[in-house]
Amino acid sequence: MAILKIARMGHPVLARPAETVADPTSPEIRGLIADMVETMIDAPGQGLAAPQVHIPLRIAVFLTPPDGPEQQRELVTLVNPRWEPRTEETDYAWEGCLSVPGLRGLVPRYTRIFYEGILADGRKLSREVEGWHARVVQHELDHLDGILYPQRMTDLKDLIFDSEFRHRAAQDSKTGQQEQIE
């Protein structure tokens, strides 16, 4: 396994749709997924899409939010994923991104979605999720369509430096906008 170089905002690989993976179970794809997981953990981040490591393929890996009394997190690896909203309801939360280092933005996302994709072993995964899990999926799969979170923002005054985030988070604690994703 290897730590891969992360592409930053402005690199062309992040601005175009990724290509469909022909064989999701190939040894090359399994190796890429292992490298992506290692890179995500090393960064550290909550998710990573193949275009973020200069590979224009429809692959994403992410950790689900803590769930249940033991606060377990699941590592999800998806090849050729897709998603769709299950509600028109959206909410705002702070997001960061390994490809947009040093910044945070207040981003609207659907509160409930359906997603599906192929696992590295060839099985199909289909889920309907809500809340933070839905936000993480939308953020990571946006990368596969050439979209970075600032493009989803409705007001660029809500794009701030990490160094200012704690001040803004304290201000926003009254509105409940404290969560963040990277």
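A network of salt bridges links Arg82, Glu84, Arg86, Arg112, Glu116, Lys124 and Glu128. A salt bridge here is a side-chain nitrogen of Lys or Arg within 4 Å of a carboxyl oxygen of Asp or Glu. The model is predicted: local features need pLDDT of at least 70, side-chain atom pairs count only at pLDDT 80 or more, and totals for chains, interfaces and linings use all residues. Residues are numbered from 1 along each chain as its sequence is written, and side-chain values use heavy atoms, leaving out hydrogens and water.

The structure holds 16 salt bridges. In one of them, Glu128 meets Arg112 (3.6 Å, N to O). This pair joins strand β7 (residues 124-130) to strand β6 (residues 112-118). Strands (E, at least two residues) and helices (H or I, at least four) are DSSP runs, numbered from the N terminus. Glu128 is partly exposed, at 45% relative accessible area. Buried means under 20%, exposed over 50%, and partly exposed in between (1.4 Å probe, protein chains only).

Helix α2 covers residues 131-143. Its 13 residues should span 18 Å at 1.5 Å a residue, and the end C-alpha atoms agree, at 19 Å apart. The expected span is 1.5 Å times one less than the number of residues. Of the 13 residues, 12 are buried, so α2 is largely enclosed by the rest of the structure.

The Arg135 side chain forms a salt bridge with Asp91 (3.0 Å, N to O). Asp91 lies in strand β4 (residues 90-97), 44 residues from Arg135. Asp91 is partly exposed, at 37%.
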